[in-house]
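Biologist: I'm new to this one. Can you put it up and walk me through it?

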Amino acid sequence: IQLFGFTGTPIFVDNAVKNDLGKRTTKELFGECLHKYVITDAIKDENVLKFSVEYVGRYYHRGDGIGNVGGRDVACNVSTNANSRNNIDIEVEDIDTRELMESPVRLDKIADYILAQHQRKTYNQEFTAMFCVSSIETLIKYYELFQSKKEAGKHNLRIATIFSYTANEDDKDATGLLYDEPEIEEFGMAADQTTDYGARGTSITNEHSREKLDAFIVHYNQMFNTNFSTRDSQSFYNYYNDISKRIKDRERIDAQEKDRVDILLVVNMFLTGFDAKKVNTLYVDKNLKYHGLIQSYSRTNRILNDQKSQGNIVVFRNLKKATDDAIALFSNKDAKDIILMQPYEDYVRKFSQAFIELLKVAPTVNSVNDLPSETEELEFIKAFRELMRLKNVLCTFADFSFDHLAMNEQLFEDYKSKYLDLYDKVKTNNQKEKASILEDVDFELELIRRDEINVAYILKLLANLKGSDQEKQRKEIIDLLAGEVHLRSKRELIEKFIQENLPLVEDADDIPEAFDKFWNEEQINAFKKLCEDENLSSDKVEKTIENYLYAEREPLRDEVLDLIEGLKPTVLDRKRVGDRILDKILRFVDTFMNGMTTN
């Protein structure tokens, strides 16, 4: 029998843990390594993303050459938020570690910091974050802090947690190493035992932790209309699976905002072997090192789209040396530049250079209208797209402000509107089957998506507009619609509602209901027109749309042509007719179904 072993984080002498058999390494178990494909290779091949690591707080650490990490440690490619140092003042030299780390003041400040930065890190909750902490006892404290702040109206994040209430979850915070999770069934019902957190000098009973978990699951059940508990292994297993599915399902095109988990609070669980592309941020208040650190960080760096440009790691402990050591162990000592993002200032400089290149193509916003040919338009698209990419990275840094950039926010928005005008032009040309050198351009629209500007947001603006005759406010709303890519398909209809229906609504509180009624009527009329214009079976089209939303797969051409009632197109016309019908169906879904949450 010949066995082959595959591992992303092999065990070397440096990261081996002694057990009854001594320190066993991967080499001892499997022999010489046959092939290496390390994280630097995966990043170069664009199979995973880099990490942006921010260390928040002030740290003293003997012997690592860092000293007081004050300001921004540019030389080491780390960014430390300067403003946060006044809020989370952590000095760990010659101070009792347990007293410091479990200080209610410290935990409260970290919780406030996360709440303040979460929108920025996750692109306004477009992504999920994980928060790993040192122990179940600390997790309970953090969860209760977040919950009390939510009840006080300080945030509306959906925070979930899961941990085992037996000794399986015990990390003792001693090694910082993680191992594969035990089978869920092993989490068991073992109450009345004591979990010894010896390295931290504290202990809590499993019964206590189980009671707390049950209380937290009640909150989860209330958020998501579920019915889980820890009454038996199967119910706990179902709870585990529901959290996993809920986070992974955010990738689906029909994912509902009401189903999202914003922050998953854990000790060890979900830090190994769990991949969800919609996770982009990891908050860390836990000692990690070697494979445990790399595995935990790697929850955030799965490739998804243009918007997700890196995995965000926000560290509230002095893990700078541990991070460098882990990178050196699993790649090489010079790999930091490949694995870690550059400092904030570097991206500010790059943005300024990209802005200069944009001005060479289009010196003013209005000059975009006068570009003589598609060749110049393509140059503008490429130049502004590079600005978008850099701004997308910059906005995840805690320090980000347009005040640091050579281009103010209004100018960026004005150029963005012209960029979207060109996108609309390309779509129109495609429908007319006019050849264009812009047809294959990736506009990377994810980079300018702002989920806080949605239909619900527009309705709030309309409520404020009601009773006001200020044309300026009305124009601002129309301009906002023009600048938001996911609202442009809805722009004409929303403008119609503003012009024709809004004057008839007497009470601002009735606007959402009036809008829903208007929207449903427009959707029915548009659906009827689609079926009548293309002679399609309404039942089949409805089913096709349902399958598209569920499976996230565009219907095949034969499936689209099967929607036609009566005479089918000739062989020569099949592609043209099929593409036209598919485009109309997708535009219908984009207009009336995507992003239509109004609460």
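Biologist: Let's start with F30. Is F30 buried, exposed or partly exposed?

Modeller: F30 counts as partly exposed, at 47% relative accessibility. Buried means under 20% relative accessible area, exposed means over 50%, and partly exposed lies in between, with a 1.4 Å probe and protein chains only. Keep in mind that this is a predicted model: local features need pLDDT of at least 70, side-chain atom pairs count only at pLDDT 80 or more, and totals for chains, interfaces and linings use all residues. Residues are numbered from 1 along each chain as its sequence is written, and side-chain values use heavy atoms, with hydrogens and water left out.

Biologist: Where is F30 placed?

Modeller: F30 is in helix α1, residues 26-30. Helices (H or I, at least four residues) and strands (E, at least two) are DSSP runs, numbered from the N terminus.

Biologist: Now zoom out. How many helices and strands are in the protein?

Modeller: The protein has 20 helices and eight strands. Of its 599 residues, 49% are buried. Its accessible surface comes to about 29,500 Å², and 47% of that belongs to carbon and sulfur atoms.

Biologist: Which residues touch the most other members of the largest nonpolar core?

Modeller: F131, I162, F270, V284 and Y297 do, in a core of 77 residues. Helix α5 (residues 136-151) gives the most to this core, with seven residues. A nonpolar core is a set of buried Ala, Val, Leu, Ile, Met, Phe, Trp, Tyr and Cys residues joined through side-chain atoms within 4.5 Å. A second, separate core has 43 residues, including F127, F397, F402 and L420.

Biologist: What does Y297 touch?

Modeller: Leaving out residues up to four places away in sequence, its contacts include F51, V53, L282 and V284. Contact means heavy atoms within 4.5 Å.

Biologist: Switching to α17. How far apart are its end C-alpha atoms?

Modeller: They are 34 Å apart, which agrees with the 34 Å that the 24 residues of α17 (511-534) should span at 1.5 Å a residue. The expected span is 1.5 Å times one less than the number of residues. Just after α17, N535 takes a positive phi of about 55°.

Biologist: What do the buried residues of α17 pack against?

Modeller: They pack against α14 (455-465), α16 (485-501), α18 (538-551) and α20 (574-592). Among the buried residues of α17 are F515, F518, W519 and E534.

Biologist: And α20, what do its buried residues pack against?

Modeller: α16, α17, α18 and α19 (557-561). V577 is one of the buried residues of α20, at 9% relative accessibility. Beyond its neighbours within four places in sequence, V577 is in contact with L561, I564 and P569.

Biologist: Which residue meets K584 in a salt bridge?

Modeller: E534 does, at 2.7 Å from N to O. The pair links distant parts of the chain: K584 is in α20 and E534 in α17, 50 residues apart. K584 is partly exposed at 25%, while E534 is buried at 9%. A salt bridge is a side-chain nitrogen of Lys or Arg within 4 Å of a carboxyl oxygen of Asp or Glu.

Biologist: How many salt bridges does that rule give?

Modeller: The count comes to 42. One of them joins D242 and R246, with the closest N and O atoms 2.8 Å apart.

Biologist: Where do D242 and R246 lie?

Modeller: Both are in helix α7 (residues 233-248), four residues apart, about one turn of the helix. D242 is buried, with a relative accessible area of 17%. R246 counts as buried too, at 12%.

How values were computed
Accessible areas come from the Shrake-Rupley method with a 1.4 Å probe; for residues, only the protein chains shown count as cover.
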